[in-house]
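Visitor: I would like to learn how to read a protein structure. Could you take me through it one feature at a time?

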Amino acid sequence: MLADLKKLEFEKILLKIKNYAVTDLAKPVVLAIEPMSDQAEIERLLTETSQAKNMIERYDATPMTGVLNIKEAIKKAEIGSVLSIEEFLRITSHQEAIARSIAFIKKVHQLEIPSGALDEYYERLVSLPKVKEAIETVIDPKGEIYDSASSKLAQLRKKIKITEERIEGKMNQLVRSEANKLTDSIITIRNNRLVLPVRSEFKNSFQGVVHDSSASGETVFMEPMSCFILNNELQGILAQEKAEVERILRELTERIAEDVEPLRSNLEILTYLDIVFAKAKHAIEYRSHQPELTKSTIDLKCARHPLISQDIVVGNDINFRTFRHIVITGPNTGGKTVALKTLGLLSIMVQSGILIPVDEESKTIVFSGIFADIGDEQSIEQSLSTFSSHISNITYIIKHAKTNALVLLDEIGSGTDPKEGASLAISIINHLRNKNLYAMFSTHYPELKTYAFDLDDTVNASVEFDIETLRPTYRLRIGVPGTSNALQIAKRLGLHTSIIEAAEKVSISFDTDISHLIRKLETQSLELENTIQTHKSEISVLHEKQDHLDDLYVEEKIRQNKLMDQLEREKRKEMEALESDAKRIIRELDELKKSASFKEHELARLKHESKSIHFEDNQYQKVKSTKISEGDRVLLIPYQRNGIVNKRLSDGKYEVLMGTLSVTLEESDLEFIETPEKEKQPSGGTVTRTSQAKVELDLRGMRYLEAVDEIDKFVDTCLINNLEFSYIIHGYGTGALKKAVEEYIKKNNQIKNSRPGGPNEGGKGVTVIYFK
């Protein structure tokens, strides 16, 4: 699509996003982003970025550490060129990054953070543990080839070590015996051979080969003849070692070549994810949101120019409502041009899949093209004046703008005689109106205000100016035409009163009835807008207070429930201790009974008292006030169990299903959880046996409450199918799932007994339950 990216400074946005990218491959791709007109594709990109933004805010950004550029390594492996050790290490790093990315998305799912738009990319990541293992078997983390990489390499390195030790031994012997001929008692290397620093006057008497000399010429570096043969042998072994390393790396390269496709795919996916999360980080920095894409509504709430510091930028509501054209009037430096640029730049960003700095619930459309004639573009080289430059740009725009394009014209008709300029501006606007596009114009011509009032598809707007401070507020007021305020400004700046009064009389003589009407409408519109803004502020404050009170209410109910849970645990602990004491007393009494005479009724009384120990039910408080409907998943407060609302009874109560059981409760005893997706439910009251009932339940990876629900459903199924026993797999972990199983068994009177799993059944990570 055609868009004036340069005039609207889109490249500056891309540079900012590029700085958030982590990988070297993602940065140039960010700079190549362009707007598009495919609405489905735009919505996909925006949703991906929005979900990535949510992930960062609720958890973290996708890990990009270790995502290195392996494009060259993949290409070399494909054509059979041997990879370097550094390239192998890059591939290893890449595989570690894959593992971190897979772990990241699993954590996102555990936290129940929406990720549907990005799940596809993570699912396509291919973990290649065998590739990583093959590399790590050969190359250590420091980039050295292991001796164990091959048996031949191990033998060669052993020979190298022995030969080097022999050479070093002979060298040390010569250092001691020929000390008077040496300039220093050290062994050094020249030309990859061990040498000694010999005084130049002894080079003829010292038997050996000269390899180098010092800058002063006083020292020559000589290889002793006694070591010459050993050094030659060492060089031969080193050459064999090099050849063996080359063979090993070639073989390893061939192994990598088998997986070049998944390696390339992984690299592309991680690069793409880096771009998505770079856009998300930019969105967080600028408090950006995803606008709703519609067919005809443009309503950007609190739209802010992203290249102005977010601490000082003024947000404006830009909405076209039933209009397609907006004519903005007002003083210079008041913000007219910024308003045009804001609409244009934000539209380009949206159509490039980038979230924009607007408030939530904003709406916009997909434009067929975005055109702008903004600023003074005089060209000395082409001998173009300001007027000529504007007309050239407008000619291009008129030629290429299609239906539903966006056109932004700054100071339309300026740079020439005001009357001719105003006439030309009106004619240009009329021509653009016939093309059924959207446009925003800025102007100083008062004739355009009158012109806009007479049209159904065009509306006046202005940028606000504070006469008291002589400063623009940069607030856009759609529906309110602007005034130059020249006389008021001149008066505030101290111009003589007589001059101001004379100017006002001249101005009045120029006025028409329409001008009077416009001024009256301006005043009324301003008063109405101020009233609306006051009411909006008051409503916003009330909503904030209501939200705060709601939060306090929920927090208090949650606090009460937590206290009740704590009290119940303490009471249970205390009662268990009492029950234990009672049982101990009974055991002692039974022993006494066997050994001596004892009154039977006393023993019976003590047993009855110990069995009558019970716990009083705690009164849990309802937290949410959400309306309950049929099919909703709810918490049954008296039982602290989840269930599904089957139907609402005539007396206002609800029939709720807990597994195969049904109970009738008041709405005050039900806490709304969620409205599940509709599924075909069996008719109430009928119990159907499943053809194949599972005899085991795997709870691993579940949360405590989720596990309890699954156990309940599983036990119901087992009972319906008349199973004698079943297995519940809870694993070891923290012990929370095992505790959930044990507590459930205690409470369910349909379970006869239970035991830990045997050696061949999963051990203590499994509980076997038997039914009555």
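Predicted model: local features only at pLDDT ≥ 70, side-chain atom pairs only at ≥ 80, totals over all residues.

Visitor: Where does Ile17 lie, and is it buried or exposed?
Guide: Helices (H or I, at least four residues) and strands (E, at least two) are DSSP runs, numbered from the N terminus. Ile17 lies in helix α1, residues 10-18. Buried means under 20% relative accessible area, exposed means over 50%, and partly exposed is in between (1.4 Å probe, protein chains only). With a relative accessible area of 0%, Ile17 is buried. Ile17 and Ala283 are 266 residues apart along the chain, yet their C-alpha atoms are separated by 9.2 Å.

Visitor: How many helices and strands does the protein chain have?
Guide: The protein chain comes to 20 helices and 23 strands. Of its 772 residues, 40% count as buried. Take the contacts between residues at least 6 apart in sequence: 68% of them join residues at least 24 apart.

Visitor: At what angle do α12 and α13 pack?
Guide: Two packed helices are described by the angle between their axes and the distance between the axes. Axes are lines fitted to C-alpha atoms, for helices over the stretch in contact, and angles run from 0 to 180 degrees between N-to-C directions. For α12 and α13 the angle is about 15 degrees, and the axes are 12 Å apart. The two helices are therefore roughly parallel to each other (under 35 degrees; over 145 is roughly antiparallel, 65 to 115 roughly perpendicular and the rest oblique). Phe387, Ile391, Ile394 and Ile398 of α12 make the contact with Leu424, Ile428, His431 and Leu432 of α13.

Visitor: Is the crossing of α12 and α13 left-handed or right-handed?
Guide: A crossing is left-handed if the near helix is turned anticlockwise from the far one by less than a right angle, and right-handed if clockwise. The crossing of α12 and α13 is left-handed, whereas that of α13 and α14 is right-handed. Helix α14 (residues 446-453) packs against α13 at about 35 degrees, with the axes 9 Å apart. There, Ala422, Ala425, Ile426, Ile429, Asn430 and Arg433 in α13 meet Glu447, Leu448 and Tyr451 in α14.

Visitor: Which strand holds His325, and what does His325 touch?
Guide: His325 is found in strand β8, residues 325-329. At a relative accessible area of 1%, His325 is buried. Not counting residues up to four places away in sequence, its partners include Leu432 and Arg433, along with Tyr438 and Asp457.

Visitor: What about loops: where is Glu112?
Guide: Glu112 is in the loop between α5 (85-110) and α6 (116-124). Its phi is near 60 degrees, a positive value in a residue other than glycine. Glu411 also has a positive phi, about 50 degrees, although it is not a glycine. Glu411 lies in the loop between β11 and α13. Glu112 counts as exposed at 59% relative accessibility, while Glu411 counts as buried at 18%.

Visitor: And where does Leu128 lie?
Guide: Leu128 lies in the loop between α6 and α7 (129-138), and at 9% relative accessibility it counts as buried. Not counting residues up to four places away in sequence, Leu128 touches Gln95, Asp259, Pro262 and Leu263. Leu128 and Gln95 are 33 residues apart in sequence and 6.7 Å apart in space, C-alpha to C-alpha.

Terms used: Residues numbered from 1 in each chain as written. Heavy atoms only, no water. Contact = heavy atoms within 4.5 Å.
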